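Hello,

Please take a look at the structure below. My notes follow it.

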Amino acid sequence: KTGYQVNARILLATYTDNQRVIIHVKDVNDEPPYFINRPLPMQAVVQLNAPPNTPVFTLQARDPDTDHNIHYFIVRDRTGGRFEVDERSGVVRTRGTDPFQLDMEYVLYVKAEDQNGRVDERRFQSTPEERLSIVGGKRAPQFYMPSYEAEIPENQKKDSDIISVKAKSFADREIRYTLKAQGQGAGTFNIGPTSGIVKLAKELDFEDLRQPHVYSLIVTATEDSGGFSTSVELTIRVTDVNDNAPKFELPDYQAHNVDEDIPLGTSILKVKATDSDSGSNAEIEYLVSDDHFSVDSSGIITNNKQLDADNNNAYYEFVVTAKDKGEPSKTGTATVRIYTKNKNDEEPKFSQQVYTPNVDENAGPNTLVTTVVASDKDGDNVRFGFVGGGTSSGQFVIEEITGVIRLHGKAISLDRDKYELNVTAMDDGACCVNGDATIHTSTAVVVVFITDVNDNKPVFKDCGTYNPKVEEAAYASGSTVSVHATDEDKGVNGQVKYSIVQQPNQKGTKFTVDEETGEVSTNK
């Protein structure tokens, strides 16, 4: 009410705090145990005279659960009780004093149980049964894998490592490795005799028909000092690398006599490129550099726009590109030339739509007025005339071949400011076969402006009526008479100015005349 304004501001403050919360996740015993023994299948040897409690093998199992309690068991015994397993350590030992027979196989089926992981009242979580083969005396080495496989690109470096194989000697002897090719590929790979590392010995080329894409090899492990040997299959697959660019069958493709008026989307020619690679590396898509045309996946080129034989020197030249789908992709190119066949589809074009020549009003017969020019992009000959037909219009004539416009050869009377002529240009279809079946015509306007000539003098038509009088005491600058003259010319040629050419033979200038109005006045 007093006229003062009071502003009140309320500040709201929000306070936050952070507190770290630690959540402990309690493990639930829900994972079964599994054997980690390698190589598989499980194999061992036993000395023929091995005394009781001689260890021959150790079972090893793991369980992801934190509270696991693993125990080992013989599930089925095919040895007649000749072996037992320590339930806690997994060590398999001999039993009894009878000697073991040479080369005889003793088979046990074993498993591991997690006795903290109960499935039901009678069963615990356990591994599947595994077969343990124990041979009396000696046995051949065992590879850690039943077979080996590797995949390498064709550009793998020579002498580079491909794969490592390993075999176990049951006699604890050094093992020597050898490599042999099955079928093609001998000498392509070699193996380290003690390391078991397989290396590439020759350059590879996936596209070389003499080289297989899959190499089947046999690796043999032989114990030193004439020991046992064993073999395993090694399969090496060679994969394609995008190392070849697409190649066109021809460097230059041409199509001749293509009508310029073909419908859009018409097939014109087909290009073809191939790629020596395989798979996606050999899949090709095509591109063209001229937007008048397009190309599909099969290499067929069609027109996107109407062709024009009157431009581009009657042919189109562009580049077609073949691009494969490798990573990164490679490309190849070829040149395409399409030669078009002319059609009479263009009308003559005047050099300008309006011509504005000037002609003097006193011009005589056959006076040159102007020359109209027209050309036809099809290359046709052009004939000139006036709209309505013929080569004459009033006092004007036009030459059919040259387009020259003149006044006619008779008496001339140019009594207007301008004359407007409508001229035509017509082609004759001489550009191409059956071109005269379709004739084209275009028009232009010629506006002839008539220029005035100064051939008339001013005339005082009312001269006989002038009879001015002035009293001898009249004041100076008094008007005595207004004279008027006319000129039949036009423009500046018809403009009149007045002057006094003779005064009374007395001292001083007695009279003056206004040069614009013709008014004569006293000067004294």
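Strands S25 and S26 run antiparallel and are joined by three bridges. Strands here are DSSP runs of E with at least two residues, numbered from the N terminus. Two strands pair if DSSP finds at least two bridges between them.

Before going further: this is a predicted model, where local features need pLDDT of at least 70, side-chain atom pairs count only at pLDDT 80 or more, and totals for chains, interfaces and linings use all residues. Residues are numbered from 1 along each chain as its sequence is written, and side-chain values use heavy atoms, leaving out hydrogens and water.

The sheet is open, with three strands in the order S22-S26-S25 and antiparallel pairing. S22 (267–270) and S25 (293–295) are the edge strands, and each pairs on one side only.

**Asn303**

Asn303 sits in strand S26 (residues 300–303). Phe293 stands opposite Asn303. Asn303 counts as buried because its relative accessibility is 2% (buried is under 20% relative accessible area, exposed over 50%, partly exposed in between, with a 1.4 Å probe and protein chains only). A polar atom of the Asn303 side chain lies 2.9 Å from the backbone nitrogen of Thr266. The Asn303 side chain also reaches the backbone oxygen of Lys305, at 3.4 Å. Not counting residues up to four places away in sequence, Asn303 touches several residues, including Ile262, Leu264 and His292 (contact means heavy atoms within 4.5 Å).

**Salt bridges**

The whole structure has 19 salt bridges. The term means a side-chain nitrogen of Lys or Arg within 4 Å of a carboxyl oxygen of Asp or Glu.

- Arg337 and Asp252 meet at 2.0 Å, N to O. Arg337 lies in strand S28 (residues 331–341) and Asp252 in strand S21 (residues 252–259), so this pair ties together parts that are 85 residues apart in sequence.
- Glu283 and Lys325 meet at 3.7 Å, N to O. They are 42 residues apart, and both lie in loops. Glu283 is partly exposed, at 41%. Lys325 is partly exposed too, at 46%. Shared partners join Asp252, Glu317 and Arg337 into one salt-bridge network.
- Arg210 and Asp208 meet at 3.1 Å, N to O. Arg210 is exposed, at 67%, whereas Asp208 is buried, at 16%.

**A buried charge**

Which residue is buried yet has no salt bridge? That is Glu207; the nearest side chain of opposite charge, Lys247, is 11 Å away. Glu207 is in the loop between strands S17 (197–200) and S18 (214–223). Its contacts beyond four places in sequence include Glu154, Asp240 and Asp277. Lys and Arg count as positive, Asp and Glu as negative; His and the chain ends are not counted.

Best wishes

Technical notes. Helices (H or I, at least four residues) and strands (E, at least two) are DSSP runs, numbered from the N terminus. A polar contact is a pair of N or O atoms within 3.5 Å; within protein, one must be able to donate a hydrogen and the other to accept it, and residues adjacent in sequence count only if both atoms are side-chain atoms.
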